[in-house]
Every structure is written in structure tokens, then in C-alpha cells.
Amino acid sequence: MQTGRCPKTQARWWVAGLLPALLLLAAVSGCAGRQPNGGALAIKDPHSFSNPAEVAVTHLTLLLDVDFSSRTIRAEASWKIRNLSGARELRLDTRGLTIRRVQLLESGSIREASFELGEERPLLGQPLVVRIEPGTEEVLIAYETTGEADALQWLEPRQTAGRKQPFLFTQSQAILARTWIPCQDTPAVRFTYTAAVEVPEPLTAVMSAGSRGEPRELPGGRKRFLFEMPQAIPSYLMALAVGDLGFKALGERSGVYAEPSLVESAAWEFADTEKMMLACEELFGPYRWGRYDILVLPPSFPFGGMENPRLTFATPTILAGDRSLVALVAHELAHSWSGNLVTNATWDDFWLNEGFTVYLEHRIMERLYGREYDEMLARLGLDELSNTVDELLKDHPADTHLKLDLAGRDPDDGMTDVAYEKGYLFLRMLENAFGRERWDVFLRSYFDRFSFQPMTTEGFLSFLDRELLAKDRALAAGLRIREWVYGPGLPGNLPAVRSAALEKAAAAAGYFAAGVKAGALKTDGWTTHEWLHFLRHLPSPLPAERLADLDEVFSLTTSKNSEILCQWFLVALPGGYRPVMEPLEGFLERVGRRKFLSPLYRELAKTPGGLRRARKIYARARPGYHPVAIGTLDGILGWQD
Ligand code: BES
Ligand code: ZN
């Protein structure tokens, strides 16, 4: 326990004069007074030590000093709190943070706080317990991140497109915000924030927030960027990236950030962003976040995309050069409604974020590119879901429920196709049952009614019951709602998802399997999606000479499309087709997207002598992967660090 009381001590922020300026900024914009956490905080989150039902944070003022040489962030976080219960303790989540000092702000004066770091738990970290008084207004914490900060990926210049400057980005979802900010790290708690970020010249800082004014030059070749987030967000949406970034506008309220050499191609790829925003607004109500920008990250980004508010983070592997992978933008944009506006209350309710978002994503894609095109995407999703469900039913049947039970486990375990695709199909089944018109009215009212609030699965079901089911009990009885949400596998009333285009691609795979030469297949006009479906329907393993025939005719090994390339590697590996080996190694060393890496390493490890080879590649590539990807791949390859 560290204690101390000295009412006259001035915190460093006050000396610097920066904190008061930021607090003023927050007050002027009217965000400081918002009280976003009313009501819904009886929620029990097994992945947080925090006590928001007693005392909840409402606004964060954050000063970050980003140091690439030590790979740490020196920081000061000041939390405004609302203490309705007269609580004497504020509990924050932390993991691997070095806490330097904690102070309290009470009626304009500042004093040292008594605090302690509680017992460490795997995954969850340690609670930071701060003694407060009923009159405490704000809790100021000076701290540093450590090498344990799994939210942060620090990149060497050679891991970037420009190869000259380092890069840093954060990934806070699901419970990693606590590794770079002491916070109430539960999606049920929302807060507004103001931030000042100091970085070395000539780098640019961006956050999941609005930027305030031009950056200010500081002594020592450093620069300070100011940010303000007037809409209340949960901690998992806190995001920062620092690198050599350019920008290009896409529309009035949208644009793309990327390393300078990628800005043009990214802007071309995402040209439909503004149309997607309009489509989503027409369907589900106003876009409530001001701007929508996309940040293209270096290829080590472990995910496809991350819906950080106002600033989607995206993998560069969707820059296919033909806009064929922009469903990802539709998806992350759709989170501006499902997830960022109405937010899963705990990670057990993850399907409320992702299933709804996949549903919205399809509605956007259908509007922009037509029903047939979107039906291809839906069918690909269903096929993947069927595989996932078959696998999970063997050992973890409860993980095929929409409502999960992740207590005591890594919330990452819930990140399967079940939340995404079973969630989507459940909503599509409801749409079919009630008709699009009624369903759309329902959805829109859901987003309006619960905006900026957490939502439990049960909360959604009771709203559904009140607004739709209760009005048509006969219809509702046949929908098997409880089976969908609390039961295993895929219910019998699964909507039919059919794509004639994909059926043709599967038929082509059948012809090839029957001996037809690659050159005789009809593939004219195929999109990425038909190619994926075709590759997935080929028999396995194919003899090397048949793989060579495919490769010669379709140049698969040199494909610039990451999805097709990855799928091709997966087809080629079991057949022992050697020409893919070098490109595969290059891919594994360059790309850190977990969705690609996991199946590729798994497949490689299955081939003769493959496990040794996989481990050799992994040993080289591992330092360049994000901690989130490393966590999964260490398991797949039985890696002991
Ligand atoms: N929010 C998710 C990413 C995520 C989920 C990160 C859980 C950490 C924990 C994001 O919206 C997402 O779903 N990304 C997908 C792409 C999408 C098009 C399905 C991905 O990264 O694969
Ligand atoms: Zn998502």
C-alpha cells in the first residue's frame, strides 16, 4: 500500500498547465457534464475488476508521451468520476502498468491518494484500488506502460511500407485497454475523453476521436497532437496510432489515413465509403459520430478491421486493387450503430455486436452492389459457419450458443463465426418472419432507443418480445428463439442462402475434380468470391501436377489478392506443390492478420516435415507479429518462448 497526503502538492499536469487547458476544452464542448452511465450498471462483467455500479468514470483526460526508443508510453490519466453510492473505493483494471502516483481532486484542491495494486490474475491483470471520498471529483494517475502491454504493437521501420519510420498502434478490444490505460475495462461503462499525445517529429498521431487544431511543435524535435471525443465510448474503443501518415478526403465527412505511398490506392479502394454511410443512415438512422475516417495499418495488424469510433483501423490486405474486399469497410462502418452505439454489455453478449454488424453489413452491400452480389458473401459466410459449428460441436458445444459463458476464459475464445454468422442468420430469420418493412422499423427503434447504452442478450430479447413477438404470438411461437440464442448448433429454421454464381463456381470445381483441364473451365467474369468458393470446393489433396495446371492457367501463386492467395496456399500445401513455398514464407513473414496465419501454419504443420518448417518460419516472423496473433499461434505450433 502506498499512501501520502499533502494538500499543497501540485501534480505535474498543473505545473505544465496542460491539464487545465484540456479540462477547459472538455467543458467548452459540453462533454464533461454528460452522464452516460445512468441505470444500466447493475451488469456483472466477469472480465473486469471494476465497481461501476458504485462509482463510475465519466470523462478521461489523457496525456501520452510516446517513446519509441524504450517502447513505452509515459502517461497521465485523469478520471472524472460519478459516485452515487458514497463509495470509498474506485477500482480500475490494469495489466502490466507501472503506477507512479495517484492523486485526488476535491473541490479544486489536489492531494495524494492512498492506493494499491491487488492480486494479479491471468488475463485480467490487477485491480488498481484507489481510496476516495464521497466528494472526490477526479482521480489522477501517473503511470507507464511496460513490455507487457499487449494492446500495443511497436513496429520497426522495416515493417512499414516506407521503411524509414517506426509505427505504433493499439488494439484494445476485448480486454486490452487496461494494458495501456488504467480504466473500468468493461463495455458497460462509457466515458468521453480529451487527449494530448506527444510523438517524435515527423510522425503523426491519430486517435478514435476528433482532432483539435494543428499539432504544436515542442522542443527536442517533438510534436503534440490534441484530441477530443465528445461521444461517450467504452474502453475497448480507445485507440491510438502513430506513424508516418498521409491523408486523403473521400467525401465531406470521410477520408483515409495511410502511409504516404498507400494513400492513393487506399482512397481508390474505399471510394464508396460515403455511399455506404448514406445507405446505413437511410436504413438505421443518423450517423452520430461526426467524421468517419479509415486508417490503413501496416500488414502486421492482427485483424481485418477494428471499429474504433470515427477512425476504423484496417489491414492493408484488403487493398486488392479491384474493390472486391470492401465488405470489411461496410462491416466496420456498420459498427457505428451496432456495437459502438448499442454496445454488448459483456463479452458473453458479443453476438449483439458482431451478429448485428454482419446483418447491417449485408444490408449495405445489398444496397450498393445488389442482392446477387451480397448473396455470394452470405453464402461464403454460411459455409464457414457450418465448418466452425461442426468443429465446436465435438468438444465445445456451448460455444455454438449465441449467448456465451466466457467467465474464467479469454473473451477471445468467443470470437468465432458463431457470433458473426449465426448471429446474422438469426436476424435474417427474424427479418423473413416479420417482413422487411416491420423489421426495419424495429431495428431503427432499437438503435434510437438504446443509443450510447450497453445491451444484454436478455435486454434485446425483451425488447424484441415487446415490439414484435407480442403483437403476433402465433407467428412468434414457430421461430425457435430460445433455441437460436441458448441452444447448440444451427436450428432447423435456418434461412436458405443460395447463390447461383457460387453454385457455378462449385460446379467448376467438380468438373476439375473429374479430370477437366484448368484451361477448359469457364471462369470469365469471376469475382474474388467465386474464386474462393471454387478453391474451397476442390478435392484435397490434389496431385502436384494438377495444382501446376491450375497455377499455370490462373497465376494463383502470384495473385495480388490476399484472400485468394491464402486460399490457394491452403489448397496447394496438402498436395506438396513446391512453387508456393517461397511465396508462402514471404507472406507469413510480412502479414500478421491472424485469420490468414492460423490456417496457414496449421496446414503447413500437417505436411511431411512441415511442423519443423513452420516453426522455423515462425521463429523468424514471430517478433513481427502482434501479441494477439502470437497468443493464438504459440498454441497452434506448441511454441515455448
Ligand atoms: N471488432 C471486430 C474485431 C475484434 C473482435 C477484435 C473481437 C478483438 C476482439 C471487428 O469488427 C471485426 O469483426 N473484424 C473482422 C472483419 C469483419 C469484416 C468480419 C476481422 O478482423 O476479421
Ligand atoms: Zn465486427
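Me: How many salt bridges does the structure hold?
Reply: Welcome! This is a predicted model, and the structure holds 47 salt bridges.

Me: What makes Arg222 and Asp65 a salt bridge?
Reply: Their side chains meet at 2.7 Å, N to O, and the rule asks for a side-chain nitrogen of Lys or Arg within 4 Å of a carboxyl oxygen of Asp or Glu. The pair therefore counts as a salt bridge. Arg222 lies in strand β15 and Asp65 in strand β1, so the pair ties together parts that are 157 residues apart in sequence.

Me: Why is the pair Arg466 and Glu467 called a salt bridge?
Reply: The N to O distance here is 3.9 Å. The limit is within 4 Å, so this pair counts too.

Me: How do you know whether Arg466 and Glu467 are buried, partly exposed or exposed?
Reply: Buried means under 20% relative accessible area and exposed means over 50%. Arg466 has 46% and Glu467 has 27%, so both are partly exposed.

Me: What about Glu585 and Arg613, buried or partly exposed?
Reply: These two side chains meet in a salt bridge at 3.2 Å, N to O. Glu585 lies in helix α17 and Arg613 in helix α19, so the pair ties together parts that are 28 residues apart in sequence. Glu585 has 19% relative accessibility, which is under the 20% limit, so Glu585 counts as buried. Arg613, at 31%, counts as partly exposed.

Me: Which residues do salt bridges with shared partners join into one network?
Reply: That network is made of Arg88, Glu106, Arg111 and Glu133.

Me: What coordinates the zinc ion (ligand 2)?
Reply: Its coordinating residues include His331 and His335, each through NE2, and Glu354 through OE, at 1.9 to 2.8 Å. In sequence the donor residues are spaced H-x3-H-x18-E. His335 lies in the loop between α5 and β22 and Glu354 in helix α6, so the pair ties together parts that are 19 residues apart in sequence. Both His335 and Glu354 are buried.

Me: Why is the site of the zinc ion (ligand 2) called irregular?
Reply: The angles among its six donor atoms run from 52 to 159°. For six donors to count as octahedral, angles other than those between opposite donors must lie between 65 and 115 degrees. An angle of 52° does not fit that rule, so the site is irregular.

Me: How many salt bridges does the rule find across the interface of domain 2 and domain 4?
Reply: The rule finds zero there. The two domains bury about 1,100 Å² between them, 58% of it on carbon and sulfur atoms.

Conventions:
Residues are numbered from 1 along each chain as its sequence is written. Chains are lettered from A and ligands numbered from 1 in the order in which they are written. This is a predicted model: local features need pLDDT of at least 70, side-chain atom pairs count only at pLDDT 80 or more; totals for chains, interfaces and linings use all residues. Side-chain values use heavy atoms; hydrogens and water are left out. Donors are N, O and S atoms within 2.8 Å of the metal (3.2 Å for Na, K and Ca); water is not among the atoms, so sites may look incomplete. Four donors count as tetrahedral if all angles lie between 85 and 135 degrees; four count as square planar and six as octahedral if opposite donors are over 155 degrees apart and all others between 65 and 115; anything else is irregular. Helices (H or I, at least four residues) and strands (E, at least two) are DSSP runs, numbered from the N terminus. Buried means under 20% relative accessible area, exposed over 50%, partly exposed in between (1.4 Å probe, protein chains only). Buried area is the accessible area (1.4 Å probe) that two parts lose on being put together, summed over both.
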